[in-house]
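Dear colleague,

Please find below the structure that I am handing over to you, followed by an account of what was found in it. I would ask you to keep it open while you read.

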Amino acid sequence: MDKRWLDWVIAIGVAASLVVAGHPASPPGYVLLAAGGLALVARRTAPIAVLAATGLTALGYQALGHDVPVIAFLFAVYSTMRAGHRVVTVAGSVLMVGALPLAALVSPLGLTTSEAFAQSRDVLQIAWLIAAAAAGEALRQAERRADEAERTREETALRRANEERLHIARELHDSLTHQISVIKLQAEVAVHLAQKRGEDVPESLLAIRDAGREAARELRATLEALRDDDKNPPRGIGDVPALVQRARSSGLDAELTIEGERDGVPAAVERTAYRIVQESLTNIARHAAAATAQIRIDYRPDALVIRVDDDGTATPDTAPGPGVGLLGMRERVTALGGRLDAAPRTGGGFTVHAELPVAQP
């Protein structure tokens, strides 16, 4: 709003100065003088059109015999150059310099050729043109450098935030891994002693042991996902069968279906597909109370489609809030330009559906 207000002030001021400088002028001359100035209102939104309009009006009132400096055209040159239209600005300026003497020659003043050229130099000095164009280019470069500096600051801040998150994740991993390892070890020792004595092992003790094992595996997987080095080989779709087999060993009737040809899938897409299946199976084990799960991976020419369905207790009326795992999946898919849908089904159970583009740029 402030810039539009300033554009109106400049346009009215230039139009007024042209009208005053053109006195006495004929009515058509006044119209052209005022129109040339008022055209500057659109210099930000349509700089090329304004350059043409101010140039034509300037030639018009010169042809009518009004020896008035082409101030509006100079503003238009500045604005067009600032908008980045260098070739148009230079071409328009050259045409204007060449056309002004012709406009003066056809004016009713009856000027000779030398007088027409002298008048054109008076109303439009080459130095004025160069100064206006240079000012527009200088401001454009300054704005570009400011935008680049701002973008660099944002990228630096994001990189530092990511580094800090990774540092925290590693510290948390080390701390939790130690505590969970102690719990898992104690549970395994207790199970071993009970079995050695021929006693029945309490279900709660077996659950503690299995939960400790699963938690340790997930902590390792989480840290692998956060690491940015090559010390650990990245997981991919080839590792999904092992995930499904692990889910079966915990009592879930999981079925894996893979269709299509695995050809040219980027590594980042492979890793994300693995994490989607892993997180989906983890959520099923923790929250779904499901007996069965279907995992489907479909290789398509332009996308890799992953779908995980379960027959758990989730319904649209009792949809859980988005947890950290689901948010992490969505961030990964979005970063690859894909789409993720995760929601309860109408008939019961939960569905995770992801489409990851695989077309190489």
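**Strands and helices in the predicted model**

In strand E2, isoleucine 297 is the bridge partner of isoleucine 258. Please bear in mind that the model is a predicted one.

The strands may be taken in order. Strand E1 (residues 253-259) and strand E2 (residues 292-299) run parallel and are joined by seven bridges.

Within E3, aspartate 310 stands opposite alanine 293.

I turn now to a pair of helices. Helix H4 (residues 71-82) packs with helix H5 (residues 86-105) at an angle of about 160°, and their axes are 8 Å apart. Because angles over 145 degrees count as roughly antiparallel, H4 is roughly antiparallel to H5. The crossing in which H4 passes H5 is left-handed.

Which residues make the contact of H4 with H5? From H4 they are Phe73, Val77, Thr80 and Met81, and from H5 they are Arg86, Thr89, Gly92, Ser93 and Met96. Sorted by class, this contact has four nonpolar residues, four polar residues and one charged residue.

Yours sincerely,
A colleague

How values were computed. Residues are numbered from 1 along each chain as its sequence is written. This is a predicted model: local features need pLDDT of at least 70, side-chain atom pairs count only at pLDDT 80 or more; totals for chains, interfaces and linings use all residues. Side-chain values use heavy atoms; hydrogens and water are left out. Axes are lines fitted to C-alpha atoms, for helices over the stretch in contact, and angles run from 0 to 180 degrees between N-to-C directions. Helices (H or I, at least four residues) and strands (E, at least two) are DSSP runs, numbered from the N terminus. Angles under 35 degrees count as roughly parallel, over 145 as roughly antiparallel, 65 to 115 as roughly perpendicular and the rest as oblique. A crossing is left-handed if the near helix is turned anticlockwise from the far one by less than a right angle, and right-handed if clockwise. Contact means heavy atoms within 4.5 Å. Ala, Val, Leu, Ile, Met, Phe, Trp, Tyr, Cys and Pro count as nonpolar, Asp, Glu, Lys and Arg as charged, and the others, Gly among them, as polar. Two strands pair if DSSP finds at least two bridges between them.
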